[in-house]
Structure formats: C-alpha cells, structure tokens
Amino acid sequence: MIVNSGSARWEGGLKDGKGALSTRSGALSNQPYGFNTRFEGLPGTNPEELIGAAHAACFSMALSLILQEAGIGNVKIETTSEIGLAKEGDGFAIRTAHLNTRIWGDGDKAVIEDCARKAEKGCPVSKVLNAEVTMDVTVG
C-alpha cells in the first residue's frame, strides 16, 4: 500500500482562528487557511478546494489509463472538480462533486465518452468520497 499524508495546524476559535496546512512532499508548506478562506472567499485555501484539486487530478490520471487501454492516442485532458459544501443541521457536509472535463484524443468520440464515465466512477478519489472514515486521536 502507498501511504501519503497532509497535515494541518489550527489555533483559535472557528471564526477568529487561523490555520496552516502542509503536505509531506512539500508541495504545500504552511499554506494558510481559515474561516475567511473557506466561507468568505478571501485568499488562501480550504479543504473543499484541495479535495477538488485531488479529485480532478485523480480522475484525469485514471482516464488517461482507461483511454490508453482503449487504444486512444494523442491524449490531452483538462478537468475541474467542483466540490459543493452545504449547510446540514448545525454543521456542514460535502454533498456534491461535479467533474467538468475536456478530452482530446485520436479515436471514436463515443469510446472516449465511455472511458470518461468509467473513470468518473473508478478513480480512487471518487471512491473515497463515499468511504468509511477512520481516525487515530492524540491529545496534547
């Protein structure tokens, strides 16, 4: 099994607090995030944006494999994943993940579209959006 990680630090309350997140690779290092970047559109990142980027990247990679296996060559893929966060009771829940993808390749249009439908359901991030969530907790 391949294991990667991201980490986050948070200080303060929900609205007045500030956080920073990092990835093990260093691609993100102490990237700021907070209530204002998540709910008020201010500069910085947020969990839904990161999930969207991961989803778009994963889908595109999965699609490239499926297209290759279908004999489609000269492939170019551009994908966006829009993650919808909705109010639910006293909190929020991610309710939608909508992929927008544009695909170029040498091959039959119907075959390419069928490959995209397979990648939509088969990419690991699409699968994790409905996964069991587990957790280890350390306090202090």
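This is a predicted model: local features need pLDDT of at least 70, side-chain atom pairs count only at pLDDT 80 or more; totals for chains, interfaces and linings use all residues.
A residue counts as buried under 20% relative accessible area, as exposed over 50%, and as partly exposed in between.

**Exercise 1.** Classify Phe39 and Phe92 as buried, partly exposed or exposed.

*Solution.* Step 1: the relative accessible area of Phe39 is 34%. Step 2: Phe92 has a relative accessible area of 46%, and is partly exposed.

**Exercise 2.** Decide how the rings of Phe39 and Phe92 are arranged, and state which elements they belong to.

*Solution.* Step 1: the ring centres are 5.1 Å apart, and rings pair if their centres lie within 6.5 Å. Step 2: the planes stand at 40°. Planes under 30 degrees apart count as stacked and over 60 as edge-to-face, so this pair is tilted. Step 3: Phe39 lies in helix α1 and Phe92 in strand β5, so the pair ties together parts 53 residues apart in sequence. Lys87 lies over the face of Phe92, 5.3 Å from the ring centre.

**Exercise 3.** Describe helix α2 from its start to what follows it.

*Solution.* Step 1: at the start, a side-chain oxygen of Asn46 comes to within 3.1 Å of the backbone nitrogen of Glu48. Step 2: α2 covers residues 47–69 and reaches 33 Å from first to last C-alpha, close to the expected 33 Å. Step 3: its buried residues, including His55, Phe59 and Leu63, pack against α1, β4, β5, α3 and α4. Step 4: Gly71 follows α2, with a positive phi near 85°.

How values were computed. Residues are numbered from 1 along each chain as its sequence is written. Side-chain values use heavy atoms; hydrogens and water are left out. Helices (H or I, at least four residues) and strands (E, at least two) are DSSP runs, numbered from the N terminus. The expected span of a helix is 1.5 Å times one less than its number of residues. Buried means under 20% relative accessible area, exposed over 50%, partly exposed in between (1.4 Å probe, protein chains only). Contact means heavy atoms within 4.5 Å. A polar contact is a pair of N or O atoms within 3.5 Å; within protein, one must be able to donate a hydrogen and the other to accept it, and residues adjacent in sequence count only if both atoms are side-chain atoms. Rings of Phe, Tyr and Trp (its six-membered ring) pair if their centres lie within 6.5 Å; planes under 30 degrees apart count as stacked, over 60 as edge-to-face and the rest as tilted. A charge sits over a ring if NZ of Lys or CZ of Arg is within 6 Å of the ring centre and within 35 degrees of the ring normal.
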